[in-house]
Amino acid sequence: MDSFQKDIDDRANLTLSNRFELLLFRLGASVHDAKSELFGINVFKLREIVPMPAFTRPAGMKPPMMGMVNIRDQIIPVIDLTAVAGCKPTTGLNILLITEYARSVQAFAVESVENIIRLDWKQVHTAEKAVNGRYITSIACLDDEQDSNNLALVLDVEQILYDITPPDHDLHAKNLQNTKKFNMKPGAVAIVAEDSKVARAMLEKGLESMNIPNTMHITGKDAWERIQVLAQQAEAEGVPISDKISMVLTDLEMPEMDGFTLTRKIKTDERLKHIPVVIHSSLSGSANEDHVRKVQADGYVAKFEINELSSVIQEVLDRATQHISGPLISHKQSV
């Protein structure tokens, strides 16, 4: 038990050093070029891995939905990930990956699981211009060599789920109930870091409906570089950083620099430490809440619900003007 707990603690502590674990798996040969690519997802999103069980296919269910499966007394939808990625398994769909994303639990059917590998986020690069790039959010280099061909394609599961099962609610202006004015200085912008295309689009609509000016960045590194530029401008003009940056809204999983590292950099910089930081992530659970506290983020909210996000942003901005410390964490339950 002590060894098991140590493994959990070690895995959790990776997020405090810009590192993570990637589960590597295969989906079969591509229907385009017959190659068998290696794919990956963050281990933090996994609940468990199980051999393919029997499942029920309701009448009218269409591919890539395969059916429903009962895992530990929870009914979970099964998605054919090989069909989504345009692959054909050579040995069949043998494994289910039970995952939790943005308040939902689902099972992805894959051909085989290869390994779990620890990586630095610096080894992960954006892949928005890749072929079949709609569902590929980044490319992970599995060793330290820049020109290595030992690569894995990291799936944009948020985009996959949005396309297959569009949410009943999302970040649209018509759903916004909070119409109060946010406590920001005129001219200040929110710095947003988010690598998922669908998540960025939803955030843009949501922030627009809140009348919060913002700039979007695909990686934490891009956001950090922009923050430094604005900090230099504020210093040169002799004005507080709040004149330039109203807040930072960041995802956790991002190529090059994750949200925990971005937050820690902000909160340990004397020029920037008073900038409100809200973490907006599909990762959930008490372990992530502990990390939010450790990196001194001001707020944490799970994706995607505009009123919850709006309320957290408003409270965080109000608390910042009153110099109230401590994270504001939303505790809506996953479904």
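1. Let's begin where two helices meet. Gly220, Ala223, Trp224 and Ile227 in H5 touch Leu262, Lys265 and Ile266 in H6, with contact meaning heavy atoms within 4.5 Å. Helices here are DSSP runs (H or I, at least four residues), as are strands (E, at least two), and both are numbered from the N terminus. Please keep in mind that this is a predicted model, in which local features need pLDDT of at least 70 and side-chain atom pairs count only at pLDDT 80 or more, while totals for chains, interfaces and linings use all residues. Residues are numbered from 1 along each chain as its sequence is written, and side-chain values use heavy atoms, with hydrogens and water left out.

2. Helix H5 (residues 220–237) packs against H6 at an angle of about 20 degrees, and their axes lie 9 Å apart. H5 is therefore roughly parallel to H6 (angles under 35 degrees count as roughly parallel, over 145 as roughly antiparallel, 65 to 115 as roughly perpendicular and the rest as oblique). Axes are lines fitted to C-alpha atoms, for helices over the stretch in contact, and angles run from 0 to 180 degrees between N-to-C directions.

3. Lys267 pairs with Asp298, the closest N and O atoms being 2.7 Å apart; a salt bridge is a side-chain nitrogen of Lys or Arg within 4 Å of a carboxyl oxygen of Asp or Glu. This pair links distant parts of the chain: Lys267 belongs to helix H6 (residues 259–267), and Asp298 to the loop between helix H7 (286–294) and E17, 31 residues apart. Both Lys267 and Asp298 are buried (buried means under 20% relative accessible area, exposed over 50%, partly exposed in between, with a 1.4 Å probe and protein chains only).

4. The whole structure holds 16 salt bridges. One of them joins Glu158 to Lys303, with the closest N and O atoms 2.9 Å apart. Here, too, distant parts of the chain are linked: Glu158 is in helix H3 and Lys303 in the loop between strand E17 (299–302) and helix H8 (306–321), 145 residues apart. Glu158 has 11% relative accessibility, so it counts as buried, and Lys303 is buried at 0%. A network of salt bridges links Glu158, Glu194, Asp251 and Lys303.

5. Now to a sheet. 5 strands form an open sheet in the order E3-E7-E8-E5-E4, with mixed pairing; two strands pair if DSSP finds at least two bridges between them. Strand E3 (46–51) and strand E4 (65–71) are the edge strands, each pairing on one side only. Neighbouring strands of the sheet are turned by 30 degrees against each other on average, direction ignored. Helix H3 (residues 157–164) packs on the sheet, touching E4, strand E5 (74–80), E7 and E8, and its direction makes about 100 degrees with that of E8.

6. Two pairings deserve a look. Strand E7 (residues 95–101) and strand E8 (residues 104–110) pair in the antiparallel sense over 7 bridges, and Ile98 has Ala107 in E8 as its bridge partner. E4 and E5 also run antiparallel, joined by 6 bridges, with Asn70 opposite Ile75 in E5. Their hairpin has 2 residues between the strands, and Arg72 takes a positive phi near 55 degrees there. As for E4, 5 of its 7 residues are buried, so the strand is largely enclosed by the rest of the structure.
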